[in-house]
Amino acid sequence: MIREMSTRIQPDLLEKIRASDTRLSCRATTVRLEKAGSTMLEIKPRDVGTDSEGWTVGEEEIPVQTLEEGIVVAMEIQARE
């Protein structure tokens, strides 16, 4: 299965990230979200090469389909802290 993936963050999500003062960083395949006063969260790939591949968010390994969904979930978690 070949999936076409966007290499850019959608403009509305980018605005949410900027407004929240969240810092995104990436090392290899792990994306980290850091926000002052909140716990740092990581988004990691899961099940690479299978029909169920996607991403997991945080230590709880919350499954999501796309990286953008992972960023939204991570930001919501941080906002609740």
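The model is predicted: local features need pLDDT of at least 70 and side-chain atom pairs pLDDT 80 or more, while totals for chains, interfaces and linings use all residues. Residues are numbered from 1 along each chain as its sequence is written, and side-chain values use heavy atoms, with hydrogens and water left out.

**Helix 1**
- Helices are DSSP runs of H or I with at least four residues, strands are runs of E with at least two, and both are numbered from the N terminus.
- An α-helix has 3.6 residues a turn, so residues three or four places apart point the same way.

**Ser 20 and the helix end**
- Ser 20 lies in helix 1, which spans residues 11–20.
- Ser 20 has a relative accessible area of 16% and is therefore buried.
- The side chain of Ser 20 reaches the backbone oxygen of Ile 17 at 2.9 Å.
- Leaving aside neighbours within four places in sequence, Ser 20 is in contact (heavy atoms within 4.5 Å) with Lys 35 and Met 75.

**Strands 1 and 2**
- Strand 1 is hardly covered, with a count of 0 buried residues among its 5 residues.
- Strand 1 pairs with strand 2 (residues 30–34) in the antiparallel sense over 5 bridges; pairing requires at least two bridges found by DSSP.
- Leu 24 stands opposite Leu 33 in strand 2.
- The hairpin of strand 1 and strand 2 has 2 residues between the strands, and Ala 28 takes a positive phi near 60 degrees there.

**Whole chain**
- From the N terminus on, the elements run α-β-β-β-β-β-α.
- The radius of gyration is 13 Å, close to the 12 Å that the globule rule gives for 81 residues, so the chain is as compact as a globular protein of that length; the radius is taken over C-alpha atoms, and the rule is 2.2 Å times the number of residues to the power 0.38.
- Buried residues make up 27% of the 81 residues.

Note on methods: Buried means under 20% relative accessible area, exposed over 50%, partly exposed in between (1.4 Å probe, protein chains only). A polar contact is a pair of N or O atoms within 3.5 Å; within protein, one must be able to donate a hydrogen and the other to accept it, and residues adjacent in sequence count only if both atoms are side-chain atoms.
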